[in-house]
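Dear colleague,

Please find below the structure that I am handing over to you. My findings follow directly after it.

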Amino acid sequence: TMRKQIKKIVITGGPCAGKSTGLCYPEEKLQDFGHKVLMTPEAPTELMLAGIKPEKNGFSQRLFQEILFRRQLETEELFKYAAKKSRAKKIVLLYDRGLMDMRAYMEEAHFLNILRRHGFKDLADVRDGRYDAVFHLRSAATGAEEFYTTENNPVRLETLEEARDADRRTLNAWNGHPHLRVIDIQFPF
């Protein structure tokens, strides 16, 4: 019998990069090749829409990132469990962001502390050991400014400059992954 194959791919990037919207394309293509695809929701948006927002309702940025890390970790573990229990033989988990994304929004020492508290040895353990590939979609704020918008996401508040900075920090957070690819789509499609 064929052994079960489970691949874990992160789709990440800066604000207004098309991550959530663009997940339907790889899902469709992977299904064309016979893979069952499971897609995680984007944890930051999920939490913020539920009222857990940084600097609001009593949540400091630091606490928000800790809660976000835990939520992302729990979601990834849940989806890995579902994949293992599925009868499908070829499964791809598409993560709308991954654990390393939180590194872009906190001090390095704090991030390393969170990693250790959750049983990870170091950056490489979580970055390289959990994910088979990482696709970083460049923000529209970097090179396609006329298409940058906050209109299509109720929790996106970044200015163009803040979005560019978040895009750069997010890419840096994943730098070193052996299968990191940057997708810089020139708008319009």
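In this predicted model, L38 has L93 of strand β3 as its bridge partner. This pair belongs to the parallel pairing of strand β2 (residues 36-39) with β3, which runs over four bridges. Strand β1 (residues 5-13) also pairs with β3 in the parallel sense, over seven bridges, and there I9 stands opposite L94. How many residues of strand β3 are buried? Six of the seven residues in this strand (residues 90-96) are buried, and β3 is therefore largely enclosed by the rest of the structure.

Next, the helices. Helix α4 (residues 61-85) packs against helix α5 (residues 108-117) at an angle of about 35 degrees, and their axes are 11 Å apart. The crossing is right-handed. R62, E66 and F69 of α4 meet H110, F111, I114, L115 and R117 of α5 in this contact. Sorted by class, four of these residues are nonpolar, one is polar and three are charged.

In soluble globular proteins, nonpolar side chains tend to be buried together. The largest nonpolar core here has 31 residues, of which F69, L99, F111 and W174 touch the most other members. At least two core residues come from each of α3 (43-49), α4, β3, α5, α6 (123-129) and α7 (160-174). Helix α4 gives the largest share, six residues. Leaving aside neighbours within four places in sequence, W174 is in contact with residues including V10, L99, R127, Y131 and L180. Another core of ten residues lies apart from the largest one, and I11, A17, L30 and L137 are among its members.

Yours sincerely,
A colleague

Notes: Residues numbered from 1 in each chain as written. Predicted model: local features only at pLDDT ≥ 70, side-chain atom pairs only at ≥ 80, totals over all residues. Heavy atoms only, no water. Axes fitted to C-alpha atoms, helices over the stretch in contact; angles between N-to-C directions. Left-handed = near helix turned anticlockwise from the far one by under 90°. Contact = heavy atoms within 4.5 Å. Nonpolar A, V, L, I, M, F, W, Y, C, P; charged D, E, K, R; others polar. Buried < 20%, exposed > 50% of the residue type's maximum accessible area, 1.4 Å probe, protein only. Pairing = 2+ DSSP bridges. Core = buried A, V, L, I, M, F, W, Y, C linked by side-chain atoms within 4.5 Å.
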